Amino acid sequence: MTKLSIAALLGGVLVLTGCSAAPAPPAESSAPPEVPQVPRPLNVRKYEQDPCALLPQAAEVFGAVRNRKTTGAPIPACTWNDSTNSTLTIGFDPAAGGLATIRQDRSSAGYFELAPSIDDYPAAFTNVVDNRSEGGCQVAVGVQADLTFTSSVVLRPRSPSYADPCAVALKAATAVVATLRASS
């Protein structure tokens with residue numbers, strides 16, 4: 001056999017071996033699902049420094065009896081209390097970088113679970129500590145590609161909604177999205 005024939009024969013064996021090998025199984029991914037995109041960015045400028053104005057219906061949505069604006073904090077927020085002294089806090093987090101960044105940051109601590117979209121705006125249950133079984137829940141809602149607001153509740157055991165704090169956080173977030181859409 002000539003060197004050319006041997007090379008051709010070996011090349012054919014390599015091709016046949018490559019073709020007959022079983023395909024590699026798909027790599028399993030533990031990555032969370034992709035975060036949906038914000039359909040139409042909402043204008044939040046009017047509320048960035050006055051987040052208490054985001055929820056004018058706080059008494060109906062949460063049973064709020066008083067509120068206070070957080071000043072001097074890194075993120076503008078407003079906290080309402082109900083008659084059981086449970087709290088609802090709404091605030092923007094301009095440093096969070098949107099839901100995709102929050103998801104990435106929560107991969108090592110806390111939790112990130114996609115929530116039902118709120119009037120087509122993507123939402124996720126997320127926090128650095130999972131206290132949902134203890135009356136706490138936070139939902140982040142994407143209102144711009146790189147901006148979210150959070151609706152966070154910490155319910156006292158005597159609160160009638162203690163067993164389902166995420167329903168309260170979603171209800172408040174839905175009201176906030178309605179406020180933002182009406183003013184955009």
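Me: How many bridges join β6 to strand β7?
Reply: This is a predicted model. In it, β6 and β7 (residues 147-154) run antiparallel. They form a hairpin, with two residues between them. Gln138 stands opposite Ser152 in β7. The number of bridges joining β6 to β7 is eight.

Me: How many of the residues of strand β6 are buried?
Reply: Strand β6 covers residues 136-144. The strand is mostly covered. Of its nine residues, the buried ones number eight.

Me: Which residue in β6 is the bridge partner of Ala124?
Reply: β6 also pairs with β5, in the antiparallel sense. Three bridges hold that pairing. In β6, the partner of Ala124 is Ala140.

Me: Is Asn127 buried or exposed?
Reply: Asn127 lies in strand β5, which spans residues 121-127. Its relative accessibility is 17%. The cut-off for buried is under 20%. Asn127 therefore counts as buried.

Me: How far apart in space are Asn127 and Gln138, C-alpha to C-alpha?
Reply: Asn127 belongs to β5. In sequence, Asn127 and Gln138 are eleven residues apart. In space, their C-alpha atoms are separated by 6.3 Å.

Me: Which residue in β5 is the bridge partner of Phe112?
Reply: β4 and β5 pair in the antiparallel sense. Six bridges make up this pairing. The partner of Phe112 in β5 is Thr126.

Me: Which strands stand at the edges of the sheet?
Reply: Seven strands form an open sheet with antiparallel pairing, in the order β1-β2-β3-β7-β6-β5-β4. Two of them have a single partner strand each, so one side of each is left without a neighbour in the sheet. The twist from one strand to the next averages 20°. The edge strands are β1 (64-70) and β4 (111-118).

Me: What pattern does the chain follow along the sequence?
Reply: The chain comes to five helices and seven strands. Read along the sequence, they follow the pattern α-α-α-β-β-β-α-β-β-β-β-α.

Me: How far apart are the end C-alpha atoms of helix α5?
Reply: Helix α5 runs over residues 165-183, which makes 19 residues. At 1.5 Å a residue, the helix should span 27 Å. The distance in the model agrees with that. The end C-alpha atoms are apart by 28 Å.

Me: Which element gives the largest share of the largest nonpolar core?
Reply: The largest nonpolar core has 40 residues, and those with the most contacts inside it are Leu55, Trp80, Val141, Phe149 and Leu180. Elements giving two or more residues to this core include α3 (58-62), β2 (77-82) and β3 (87-92). Buried residues of α5 include Val168, Leu170, Val176 and Leu180. With ten residues, the largest share comes from α5.

Me: What percentage of the residues in the chain is buried?
Reply: A residue is buried when its relative accessible area is under 20%. The chain has 184 residues. The buried part of them makes up 41%.

Me: Over the ring of which residue does the charged end of Arg132 sit?
Reply: The charged end of Arg132 lies 3.9 Å from the centre of a ring. That ring belongs to Tyr111.

Me: How many aromatic pairs does the count come to?
Reply: A pair of rings is described by the distance of the centres and the angle of the planes. For rings to pair, their centres must lie within 6.5 Å. By this rule, the count of aromatic pairs is zero.

Conventions
Residues are numbered from 1 along each chain as its sequence is written. This is a predicted model: local features need pLDDT of at least 70, side-chain atom pairs count only at pLDDT 80 or more; totals for chains, interfaces and linings use all residues. Side-chain values use heavy atoms; hydrogens and water are left out. Helices (H or I, at least four residues) and strands (E, at least two) are DSSP runs, numbered from the N terminus. Buried means under 20% relative accessible area, exposed over 50%, partly exposed in between (1.4 Å probe, protein chains only). Two strands pair if DSSP finds at least two bridges between them. Rings of Phe, Tyr and Trp (its six-membered ring) pair if their centres lie within 6.5 Å; planes under 30 degrees apart count as stacked, over 60 as edge-to-face and the rest as tilted. A charge sits over a ring if NZ of Lys or CZ of Arg is within 6 Å of the ring centre and within 35 degrees of the ring normal. The expected span of a helix is 1.5 Å times one less than its number of residues. Axes are lines fitted to C-alpha atoms, for helices over the stretch in contact, and angles run from 0 to 180 degrees between N-to-C directions. A nonpolar core is a set of buried Ala, Val, Leu, Ile, Met, Phe, Trp, Tyr and Cys residues joined through side-chain atoms within 4.5 Å.
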